[in-house]
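Reader: I'm new to this one. Could you take a close look at a single part for me and talk me through it?

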Amino acid sequence: MKRPKFHPMDLVKVRTPGQHEKLGTRPPGTLIMGQTATVEIAGLINGAASASGDTMTPAYYIRIGKFPAILIYEEWLEEA
C-alpha cells in the first residue's frame, strides 16, 4: 500500500501539466494550477486498481487562500 508523500501543514504546489501531457480522469481546475497550497488532511482513498492490484491511492485536502478545502490526487502536487 502506498503512503502519502506529504503531511498536514506541508507547503505544496499544484502542478501545471506539460504541453502534451494527458490530464487523466480528475485533473485539478485551471484556477489552482501553479498555486501554492497548505496540506490540511493527508490520506488514502479508494481509486482505480493499479498493476499491483492495490486500489488505495494517496489524496489530500489542500487549502489555497480563501478557496474552500480542495480534494486532489498526489500526482498533481509537488514540493513548494
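Author: Glu74 sits in the loop between E4 and strand E5 (77–79), strands being DSSP runs of at least two residues (E), numbered from the N terminus. The model is predicted, so to speak of local features takes pLDDT of at least 70, and side-chain atom pairs count only at pLDDT 80 or more, while totals for chains, interfaces and linings use all residues. Residues are numbered from 1 along each chain as its sequence is written, and side-chain values use heavy atoms, leaving out hydrogens and water.

What does Glu74 touch, leaving aside residues up to four places away in sequence? Lys2, Arg3, Pro4, Lys5 and Phe6, plus Pro58, Ala59 and Tyr60, where contact means heavy atoms within 4.5 Å. With Tyr60 there's also a side-chain to side-chain polar contact at 2.5 Å. That term covers a pair of N or O atoms within 3.5 Å; within protein, one must be able to donate a hydrogen and the other to accept it, and residues adjacent in sequence count only if both atoms are side-chain atoms.

As for strand E4 itself, that's residues 70–73, and Leu71 lies in it. Leu71 counts as partly exposed because its relative accessibility is 47%.

Terms used: Helices (H or I, at least four residues) and strands (E, at least two) are DSSP runs, numbered from the N terminus. Buried means under 20% relative accessible area, exposed over 50%, partly exposed in between (1.4 Å probe, protein chains only).
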